[in-house]
Amino acid sequence: MTHITLEESKPICEAAINKAEELGIKIAVSVVDSALNLVTMQKMDDALILAIDGSKGKAVASEIFGQPTGELEERSKRPTFRALEIQWGGRFVMGQGALPIIRDGEVIGACGIGGGTPEEDEICAASGISTL
């Protein structure tokens with residue numbers, strides 16, 4: 001299994017933060033690898049403290065399911081997914097704002113953002129991932 005590396009994740013965070021600055025928002029950005037390990041996390045000054053856990057939880061969900069978390073929101077209301085969220089102890093968040101990182105057809109990690117609107121978070125994640 002291939003993982004996103006630390007060196008690859010740093011520019012992802014930087015680009016996501018640059019996009020947040022353009023949008024005039026304060027975010028936290030988390031990059032996890034394919035084993036759900038946190039590789040990089042950065043929080044902008046004055047970003048909400050909840051943005052940290054939100055960004056990581058969204059990144060974990062995107063990696064687990066191999067999809068943008070915005071596509072998971074509707075499913076999150078189903079009993080099976082609610083039970084999974086409980087079983088996983090809140091480690092993943094099925095809300096818009098994270099995208100999988102895919103190389104050669106394989107999910108190697110995910111980038112999650114917290115702090116803006118769901119749409120702004122996803123825009124920042126896409127901007128970060130575009131650096132690869």
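Okay, let's start with helix α2, residues 50–65: this helix lies across β1, β2, β3 and β4 and runs at about 155 degrees to β4. Angles here go from 0 to 180 degrees between N-to-C directions, with axes fitted to C-alpha atoms, for helices over the stretch in contact. Helices (H or I, at least four residues) and strands (E, at least two) are DSSP runs, numbered from the N terminus.

Quick housekeeping. This is a predicted model, where local features need pLDDT of at least 70 and side-chain atom pairs count only at pLDDT 80 or more, while totals for chains, interfaces and linings use all residues. Residues are numbered from 1 along each chain as its sequence is written, and side-chain values use heavy atoms, with hydrogens and water left out.

Now, the sheet. In what order do the four strands come? They go β2-β1-β4-β3, in an open sheet with antiparallel pairing; strands pair if DSSP finds at least two bridges between them. β2 (38–43) and β3 sit at the edges with a single partner strand each, so one side of each has no neighbour in the sheet. On average, neighbouring strands are turned by 15 degrees against each other, direction ignored. Between β3 and β4, which are antiparallel, there are six bridges, and Arg 103 is found opposite Glu 106 in β4. Helix α1 packs on this sheet too, touching β1, β2, β3 and β4, and its direction makes about 25 degrees with that of β2.

On to the inside. The largest nonpolar core has 20 residues, and among those with the most contacts inside it are Ile 27, Val 29 and Cys 111. By nonpolar core I mean buried Ala, Val, Leu, Ile, Met, Phe, Trp, Tyr and Cys residues joined through side-chain atoms within 4.5 Å. Buried is under 20% relative accessible area, exposed is over 50%, and partly exposed is in between, with a 1.4 Å probe and protein chains only. Elements giving two or more residues to this core include α1 (6–23), β1 (28–33) and α4 (118–129). The largest share, five residues, comes from α1. There's also a second, separate core of 10 residues, including Val 32 and Ala 59.

Last stop: Gly 70, in the loop between α2 and α3 (79–87). Is Gly 70 buried or partly exposed? Gly 70 is partly exposed, at 27% relative accessible area. Leaving out residues up to four places away in sequence, Gly 70 touches Gln 96 and Glu 122, where contact means heavy atoms within 4.5 Å. Met 44 is 26 residues from Gly 70 in sequence, and their C-alpha atoms are 23 Å apart.
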